[in-house]
2 protein chains.
Amino acid sequence: MILDKYDIDLLDKRYRATFINSLAGYRQVVLIGSQSDEGKMNLAIFNSLMHIGANPALWAVIFRPDTVQRDSLKNVLEQSFYTFNFVDAIDLEKAHQTSAKYESSVSEFEAVGYTPEYKQGFFAPFVKEAVVKIAMKFEQKIDIEINGTIMVIGSIQSIELNDSLIADDGFVSLHKANVLACSGLDAYYQPQFLTRLSYAKPDKWTNKI
Amino acid sequence: MILDKYDIDLLDKRYRATFINSLAGYRQVVLIGSQSDEGKMNLAIFNSLMHIGANPALWAVIFRPDTVQRDSLKNVLEQSFYTFNFVDAIDLEKAHQTSAKYESSVSEFEAVGYTPEYKQGFFAPFVKEAVVKIAMKFEQKIDIEINGTIMVIGSIQSIELNDSLIADDGFVSLHKANVLACSGLDAYYQPQFLTRLSYAKPDKWTNKI
């Protein structure tokens with residue numbers, strides 16, 4: 001089927017949100033750990049992690065201020081330090097449950113059953129059970145005026161993962177740690193590794209099909 | 001192992017690029033089809049598709065101007081119209097080969113063996129073999145000054161996919177069409193569907209673990 005812009009505009013609002021969000025494809029599941037001025041911990045699931053650059057190491061996420069993510073955004077902007085945590089696919093129900101609209105006074109760590117972990121004097125809590133734990137520092141906020149969303153770019157301060165996941169050239173085999181992926185807001189996936197290919201060169205093949 | 005910012009800065013440049021890029025996790029593979037003033041077709045693989053919003057339907061990609069992606073960026077900014085194409089995992093070698101640095105005069109469609117498809121009077125070429133074909137219109141360019149990358153936001157003009165992929169609530173089961181995913185710049189995945197979960201509510205469970 002083909003839908004044009006007019007058809008898309010006419011879709012039911014909720015249907016359209018599910019449709020367009022899931023259509024955007026496969027994405028990494030990341031749990032963002034943060035802490036408020038008052039020391040209240042927060043943990044929330046995001047599907048909008050974006051690699052911005054490796055030198056310096058910069059990653060971004062998109063925030064929608066009118067959702068449950070607002071506590072995370074407030075903490076990130078006020079404290080500048082937060083954590084990215086990748087979790088085992090076996091814990092997908094716990095990860096998903098962090099998206100519930102808990103009161104600000106509730107720690108999602110406690111509510112869903114993840115263990116907060118503080119270390120190396122870093123201000124924000126990690127997920128102890130996570131297979132990849134990354135400490136982030138706020139660098140830049142970009143207001144996307146076209147629809148009011150906010151992109152937050154942070155720099156990587158530290159990375160913790162099992163040595164066995166890292167290949168000789170630096171490639172991280174997340175599939176070996178069973179890392180959870182997703183599509184849209186409620187569908188979960190476990191990617192199956194197919195292959196790695198060498199650097200593509202124009203003379204490698206030409207219309208070999 | 002734990003690497004701090006100092007350790008990361010000391011990594012070999014190429015190792016660090018592979019490490020940080022693959023560490024950012026699973027992502028959708030998208031082939032961007034575009035066309036120049038002179039009618040030259042271009043097709044290039046991207047791993048930075050980002051859902052910005054559903055109403056209006058907006059998606060972004062990140063461009064690095066110093067790479068092979070520069071032809072795509074030039075076309076998108078000059079012509080305002082481009083296509084997003086998701087392909088079958090069985091064609092991963094063809095998709096990867098579009099990343100080779102062909103001369104601007106070479107059409108990657110022809111070089112790698114995809115068929116360009118024009119339709120509905122839309123200016124830019126689609127990949128005929130793609131299982132999801134999306135027509136895009138340029139909306140906004142955001143210069144990310146922190147490292148010179150460029151985010152391009154576009155609005156969805158039309159969507160073509162098989163009806164059988166769409167669930168009653170609008171969810172798109174990309175796995176039913178064997179859609180290709182990736183990690184980093186050269187690793188390919190085929191995500192295995194696990195489950196969809198219902199909207200999370202605070203009272204659904206509390207620390208049930």
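A polar contact here is a pair of N or O atoms within 3.5 Å; within protein, one atom must be able to donate a hydrogen and the other to accept it, and residues adjacent in sequence count only if both atoms are side-chain atoms. The model is predicted, with local features needing pLDDT of at least 70 and side-chain atom pairs counting only at pLDDT 80 or more, while totals for chains, interfaces and linings use all residues. Residues are numbered from 1 along each chain as its sequence is written, chains are lettered from A and ligands numbered from 1 in the order in which they are written, and side-chain values use heavy atoms, with hydrogens and water left out.

**View 1. A:Ser107 in its loop, reaching for a backbone nitrogen.** Look for A:Ser107 in the loop that runs between helix H4 (92-97) and helix H5 (108-112) of chain A. Helices (H or I, at least four residues) and strands (E, at least two) are DSSP runs, numbered from the N terminus. The side chain of A:Ser107 gets to the backbone nitrogen of A:Phe109 at 3.2 Å. A:Ser107 has 8% relative accessibility, so it counts as buried. Buried means under 20% relative accessible area, exposed over 50%, and partly exposed in between (1.4 Å probe, protein chains only).

**View 2. A:Asn42 and its neighbours.** A:Asn42 belongs to strand S4 (residues 41-46) of chain A, and with 4% relative accessibility it counts as buried. Skip residues up to four places away in sequence, and A:Asn42 touches A:Ile32, A:Gly33, A:Ser34, A:Asp71, A:Ser72, A:Asn75, A:Glu108 and A:Phe109; contact means heavy atoms within 4.5 Å. With A:Glu108 there is also a side-chain to side-chain polar contact, at 3.5 Å. For scale, A:Gln140 is 98 residues from A:Asn42 in sequence and 21 Å away in space, C-alpha to C-alpha.

**View 3. Helix H2 of chain A, end to end.** Within the helix (residues 13-23), the buried residues are A:Arg16, A:Phe19, A:Ile20, A:Asn21, A:Ser22 and A:Leu23. Just past H2(A) comes A:Gly25, with a positive phi of about 95 degrees. Over in chain B, a side-chain oxygen of B:Asp12 comes within 3.2 Å of the backbone nitrogen of B:Arg14 at the start of H2(B), and B:Gly25, which follows that helix, has a positive phi near 95 degrees.

**View 4. Aromatic rings around A:Trp59.** A pair of aromatic rings is described by the distance of the centres and the angle of the planes. Rings of Phe, Tyr and Trp (its six-membered ring) pair if their centres lie within 6.5 Å; planes under 30 degrees apart count as stacked, over 60 as edge-to-face and the rest as tilted. By this rule there are 17 aromatic pairs over all chains. One of them is the stacked pair of A:Trp59 and A:Phe86, 6.5 Å centre to centre with 5 degrees between the planes. A:Trp59 sits in strand S6 (residues 57-63) and A:Phe86 in strand S7 (residues 81-86) of chain A, so the pair ties together parts that are 27 residues apart in sequence. Both A:Trp59 and A:Phe86 are buried. Ring pairs join A:Trp59, A:Tyr82, A:Phe84 and A:Phe86 into a cluster.

**View 5. A:Phe84 in the core.** The largest nonpolar core has 83 residues, and A:Trp59, A:Phe84, B:Trp59 and B:Phe84 touch the most other members. Such a core is a set of buried Ala, Val, Leu, Ile, Met, Phe, Trp, Tyr and Cys residues joined through side-chain atoms within 4.5 Å. Leaving aside neighbours within four places in sequence, A:Phe84 has contacts that include A:Val30, A:Leu49, A:Val61, A:Lys133 and A:Met136.

**View 6. Lysines over rings.** A:Lys119 lies over the face of A:Phe126, 4.7 Å from the ring centre, and the charged end of A:Lys94 sits over the ring of A:Tyr114, 4.9 Å from its centre. The rule asks for NZ of Lys or CZ of Arg within 6 Å of the ring centre and within 35 degrees of the ring normal.
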